[in-house]
Amino acid sequence: MKSDRIILHSDLNAFYASVACMLDPSLRGKAVAVCGCADDRHGIVLAKSQLAKEAGIKTGMANWQAKRLCPEVILLPPNYNEFVKASKAVREIYGRFTERVEPYGMDECWLDVSKICADFAEGYEIAERIRNLVKDELGLTVSIGVSFNKVFAKLGSDLKKPDAVTVVDIENFREKLWPLPVSDLLYVGRSTTVKLAAIGIRSIGDLARADPQKLRKLLGINGIQIWSFANGDDHASVQPSDFRREIKSIGHGITCVEDLQNSLEVWHVMLELSQDIGYKLRTHALMACGVQITTRSNDLTVKQYQAPLAMPSQSIMEIACKARSLFQENYQWQLPIRSVTVRVINLIPQEEPLQLDLLNNYQKHDRQMKLEETIDILRQRYGKRSVISASLMGNLKMPLHSSSILLMPGMQPN
């Protein structure tokens with residue numbers, strides 16, 4: 001079948017556990033689980049091999065539960081540097097077919113192979129070649145979706161696992177995708193799923209057939225966006241592998257539903273705002289050299305302060321702590337706070353060499369970064385609210401849903 005675009009979405013199967021087996025071939029054919037803290041019975045499973053999955057082990061399960069289900073399971077700590085190396089090696093294989101390789105997390109990529117494919121049959125053949133190359137050269141397996149847009153290609157890669165290729169074309173997408181739960185659709189999270197279920201929308205087909213204006217009223221502009229996706233209307237381009245947006249700063253701000261009355265309430269908001277900032281820094285391979293905060297009191301007076309970090313960082317906690325110290329050192333509490341913005345500034349590439357000194361605690365910094373990298377893995381699998389600080393579980397006086405337009409990563413239009 002002819003199509004203007006042939007898009008692939010390649011998803012590495014059980015990536016973290018598979019990399020562990022790649023590094024240690026003696027683990028092949030055994031039940032393996034990568035855990036946030038493999039030596040602690042209270043640690044949790046981040047990823048599992050196929051045998052571990054068949055034994056009933058699930059991601060997010062406590063180590064002791066995994067051991068009870070499968071006593072012979074081998075628990076391993078995450079090796080973030082090796083995950084990065086493996087990810088780059090797989091992308092090198094993708095680059096043999098197209099320069100348009102857009103990562104979506106460490107283990108997923110979109111590929112635009114339109115220039116070398118005339119139809120979906122040829123797209124399937126390319127996907128099969130990629131699948132076999134990854135297996136033969138790296139010992140890893142991938143599931144690949146072939147479709148005419150990015151959203152449906154990603155859904156296709158989830159339909160058959162592990163080690164498979166699925167075509168979702170213009171004629172069969174309704175039959176293949178519309179019966180799926182609406183939560184399977186890209187950017188339909190838990191909160192949106194609950195809201196849609198309340199008005200009787202439970203499948204992707206239900207969403208596609210819904211009244212778009214009713215969805216706009218319920219979810220804002222994002223309701224129209226996901227309705228378009230369900231109907232196959234996604235024209236976002238796959239960016240070339242060397243594409244980089246110049247990012248001068250990354251910030252997150254919010255107007256609170258109630259005025260903030262003390263420093264503890266401000267700290268909770270700053271910590272919450274910093275969650276996305278740290279994740280975006282890692283996503284874009286950037287380090288922040290400074291932090292800027294902006295506050296607006298309930299008489300609309302705006303105050304802004306900034307200061308350098310002790311060392312370039314991607315750490316959520318280091319950014320939030322610097323924001324808190326800036327606030328406490330400068331704000332006089334003459335009036336309650338209405339809105340808060342945290343922004344990281346003076347960004348540099350992650351790989352830029354650093355000038356070390358004797359005053360900073362680099363071991364503590366590295367431990368914090370490893371902790372947050374592990375949390376990133378969990379959030380990629382279960383959503384960004386799957387792991388949160390205990391202090392953020394109360395009333396933060398923040399709106400439950402932002403009124404701003406959601407800028408969807410990887411979904412930039414042509």
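Hi everyone, let me start at a surface residue: Arg209 is exposed, with a relative accessible area of 56%. For the cut-offs, buried means under 20% relative accessible area, exposed means over 50%, and partly exposed lies in between, using a 1.4 Å probe and protein chains only.

Before I go on, a word on the source: this is a predicted model, where local features need pLDDT of at least 70, side-chain atom pairs count only at pLDDT 80 or more, and totals for chains, interfaces and linings use all residues. Residues are numbered from 1 along each chain as its sequence is written, and side-chain values use heavy atoms, with hydrogens and water left out.

Back to Arg209, then. Its partner is Asp206, and the closest N and O atoms of this salt bridge are 3.5 Å apart. By salt bridge I mean a side-chain nitrogen of Lys or Arg within 4 Å of a carboxyl oxygen of Asp or Glu. Asp206 counts as partly exposed, at 27% relative accessibility. Helices here are DSSP runs of H or I with at least four residues, strands are runs of E with at least two, and both are numbered from the N terminus.

How many salt bridges does this rule give? The count comes to 13. One of particular interest to me joins the side chains of Lys150 and Glu102, at 3.0 Å from N to O. That pair links distant parts of the chain, with Lys150 in helix H6 (residues 150-159) and Glu102 in strand E5 (residues 101-103), 48 residues apart. Are these two buried or exposed? Lys150 is buried at a relative accessible area of 0%, and Glu102 is buried too, at 9%.

Next, helix H5. Glu128 and Arg131 form a salt bridge there, with 2.8 Å between the closest N and O atoms. They are 3 residues apart in H5, so again about one helical turn lies between them. Arg131 counts as buried, at 11% relative accessibility. Glu128 and Arg131 also belong to a network of salt bridges with Lys135 and Asp163.

Now for helix packing. Two packed helices are described by the angle between their axes and the distance between the axes. Axes are lines fitted to C-alpha atoms, for helices over the stretch in contact, and angles run from 0 to 180 degrees between N-to-C directions.

H5 (residues 120-138) packs with H4 (residues 80-94) at about 140 degrees, with the axes 10 Å apart. The two are therefore oblique to each other; angles under 35 degrees count as roughly parallel, over 145 as roughly antiparallel, 65 to 115 as roughly perpendicular, and the rest as oblique. Ala89, Val90, Ile93 and Tyr94 in H4 meet Ile130, Leu133, Val134, Glu137 and Leu138 in H5, where contact means heavy atoms within 4.5 Å. By class, that contact has 8 nonpolar, no polar and 1 charged residues. Ala, Val, Leu, Ile, Met, Phe, Trp, Tyr, Cys and Pro count as nonpolar, Asp, Glu, Lys and Arg as charged, and the others, Gly among them, as polar.

To finish, the whole chain: 14 helices and 12 strands, with buried residues making up 48% of its 414 residues.
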